[in-house]
Amino acid sequence: MFGLFKKKSEKVKLQDQYENLLKEAHSLSTTNRKMSDQKIYEAEEVMKQLEKLS
């Protein structure tokens, strides 16, 4: 209950964004390969930001 209004840290936000981008890339991989590759690239950029934080 007390963590209900707690803000997410930058690291947690980036991890969520990374996971969402990978899910989108996976779903696009069967229909639009170019967009899937773009999402994977974006996910890699987010991972680089995560590594800088660690």
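Me: What does S36 touch, not counting residues up to four places away in sequence?

Reply: S36 touches A25, L28 and S29, where contact means heavy atoms within 4.5 Å. This is a predicted model, in which local features need pLDDT of at least 70 and side-chain atom pairs count only at pLDDT 80 or more, while totals for chains, interfaces and linings use all residues. Residues are numbered from 1 along each chain as its sequence is written, and side-chain values use heavy atoms, with hydrogens and water left out.

Me: Is S36 buried or exposed?

Reply: S36 is buried, at a relative accessible area of 1%. Buried means under 20% relative accessible area, exposed means over 50%, and partly exposed is in between (1.4 Å probe, protein chains only).

Me: Which helix is S36 in?

Reply: Helix 2. Helices here are DSSP runs (H or I, at least four residues), and strands are too (E, at least two), numbered from the N terminus.

Me: Which other residues of helix 2 are buried?

Reply: Besides S36, the buried residues are K39, A43, V46 and L50. Viewed down the helix 2 axis, the buried residues fall within an arc of 80°, so they line one face. The arc is taken from the directions from the helix axis to the C-beta atoms. On the other side, R33, K34, E51 and K52 are exposed.

Me: What covers the buried ones?

Reply: The cover includes helix 1.

Me: Which residues make up the largest nonpolar core?

Reply: Five residues: L14, L21, A43, V46 and L50. A nonpolar core is a set of buried Ala, Val, Leu, Ile, Met, Phe, Trp, Tyr and Cys residues joined through side-chain atoms within 4.5 Å. Helix 2 gives the most, with three.

Me: And what does L50 touch, with residues up to four places away not counted?

Reply: K11, L14 and Q15.

Me: Changing topic, how many salt bridges are there?

Reply: Four, taking a salt bridge as a side-chain nitrogen of Lys or Arg within 4 Å of a carboxyl oxygen of Asp or Glu. One of them joins K8 and D16 at 2.9 Å, N to O. D16 is partly exposed, with 28% relative accessibility.

Me: Which residue does D37 pair with?

Reply: R33, at 3.4 Å, N to O. D37 and R33 are four residues apart in helix 2, so about one helical turn separates them. R33 counts as exposed at 54%, whereas D37 is partly exposed at 38%.
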